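Open the model in your viewer and keep the sequence panel beside it. The stops below say what to select and what to look for.

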Amino acid sequence: MSFPHPAVTAARHAMIEALAGVPDGAAVLLAVSGGSDSMALTKVAMWAARGRIEVFSTTIDHGLRPDSAAEALAVDRYLQRVVDASIVTQVQATVGDAGPEGNARAARYARIADIARAGGSMKGTGPLTVLLGHTADDQAETVLLGLGRGSGARSVAGMRAVGSLPGHDDVPMARPYLHMRRADLRTVCRELDLPWVNDPTNEIDGPWRAADGSPLRRSAIRHRVLPELDSALGGGVVEALGRTALMARDDDDALSAIAHEIGRELVRDSGDGVVIPAKELAAKPRALRTRILREALAKVARAGDVVYWHINALDRLACGVDNKRDIDVPGAFARRVDDLIFIAPRAEKS
């Protein structure tokens, strides 16, 4: 009697856990690019679903390479034989100012969210839970990218294993394999006879480049930084970064929850803006002040464009000696008058 490879067993256990909260008769949506990570979702999800729930999939063609459409169709043809229903679609990945990776990611998630909502409507439920194939290697890369930005605990907390699809709070999402290595998922694919596509845009010399012509940051981290770190530190770097992300996430969630409760008492609506008592805010620890300010800004500013420097300037407005000036933030401005900090849309500035 033969037993499944340990990697297959681990993937199956992870998938069972991810599907445990999905009610009988419902469905999930797999986001399948054709790479080994997402292909490993397919047969494992069908095995774990056991007919209790339906398994749908979607393959998104970004249209950025001449052969990407043919690859997406080939992946979809295979998926039609594996999952309960599949759909292939193309997006415009060049729209936006977030760079090649950011624009493609935003377009991909927007289309996946639309499909999840449509699937939920068809099933008579809310949006389908989306399963993403991110791995421990992806998590390590994300942590290092966040560390390079220097934006605090939240930026090194990496990706959530369970939560909402990025940018779409109404669409539930899970990453069953976030604790598994990419190499293990390729073993899963080989063991289950799953083909996969190697995307050249992920390579260090791929067709996508940063604005200065250098390799994309994630590709550089994947092929250069992580191997060097692993060599210099004696191995285990990917796992260590994953633990760091988990601990940072726990800390940030706790601090954010405390800050939210304090903010409910301190932050008050003022027309189309907000007002905050400066002295009460200044009496709080900085870790709480900055989170209160970030949450307050999100009500009136372009929250996605707010960075450390904006929050730091607002904190100085509350606590510093140079607090008698206006501060511009993306889409809004802040002003202190006596003990009150006013934050309002920039159009309201006089």
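Start with the contacts of the whole protein chain, where contact means heavy atoms within 4.5 Å. Among contacts with a separation of 6 or more, residues 24 or more positions apart account for 64%. This is a predicted model, in which local features need pLDDT of at least 70 and side-chain atom pairs count only at pLDDT 80 or more, while totals for chains, interfaces and linings use all residues. Residues are numbered from 1 along each chain as its sequence is written, and side-chain values use heavy atoms, with hydrogens and water left out.

**The whole chain**

Show the C-alpha trace of the protein chain. Along its principal axes the trace spans about 75 × 50 × 40 Å. The radius of gyration is taken over C-alpha atoms, and the globule rule is 2.2 Å times the number of residues to the power 0.38. For 350 residues a compact globule would have a value near 20 Å, and the 23 Å of the protein chain agrees with that.

Next, colour by burial. Buried means under 20% relative accessible area, exposed means over 50%, and partly exposed lies in between (1.4 Å probe, protein chains only). By this rule 46% of the 350 residues of the protein chain count as buried.

Switch to a cartoon view. Helices (H or I, at least four residues) and strands (E, at least two) are DSSP runs, numbered from the N terminus. The protein chain has 12 helices and 11 strands.

Two strands pair if DSSP finds at least two bridges between them.

Now pick out strand 4 (residues 129–131) and strand 6 (residues 168–174), which pair in the parallel sense over two bridges. Find Leu131, then look in strand 6 for its bridge partner, Ala174.

Select Thr58, in strand 2. Is Thr58 buried or exposed? Thr58 is buried, because its relative accessible area is 1%. Leaving aside neighbours within four places in sequence, Thr58 is in contact with residues including Leu29, Leu30, Ile87 and Ile112. Draw a line from Thr58 to Ala116: the two are 58 residues apart in sequence and 9.5 Å apart in space, C-alpha to C-alpha.

Move to Ile87, in strand 3. Ile87 is partly exposed, with a relative accessible area of 39%. Not counting residues up to four places away in sequence, Ile87 touches Ser57, Thr58, Thr59, Asp76 and Ile115. The C-alpha atoms of Ile87 and Thr59 are separated by 6.4 Å, although the residues are 28 apart along the chain.

Return to helix 2 (residues 36–49), which has 14 residues and reaches 20 Å from its first C-alpha to its last. That is close to the expected 20 Å, where the expected span is 1.5 Å times one less than the number of residues. Helix 2 bends by about 25° at Lys43; the bend is the angle between axes fitted to the seven residues ending at a residue and the seven starting there.

Select helix 9 (residues 237–266) next. Helix 9 has 30 residues and reaches 42 Å, close to the 44 Å expected. Its buried residues include Leu241, Ala245, Ala248, Asp252 and Ile262.

**Positive phi**

Most residues other than glycine have a negative phi. Just after helix 2, Arg50 takes a positive phi of about 50°.

Where is Asp193? Asp193 is in the loop between helix 7 (182–191) and helix 8 (217–233). Phi of Asp193 is near 55°, and Asp193 is exposed, with a relative accessible area of 62%.

End at Asp338, in the loop between strand 10 (332–337) and strand 11 (340–345). Phi of Asp338 is near 55°, and Asp338 counts as exposed at 63% relative accessibility.
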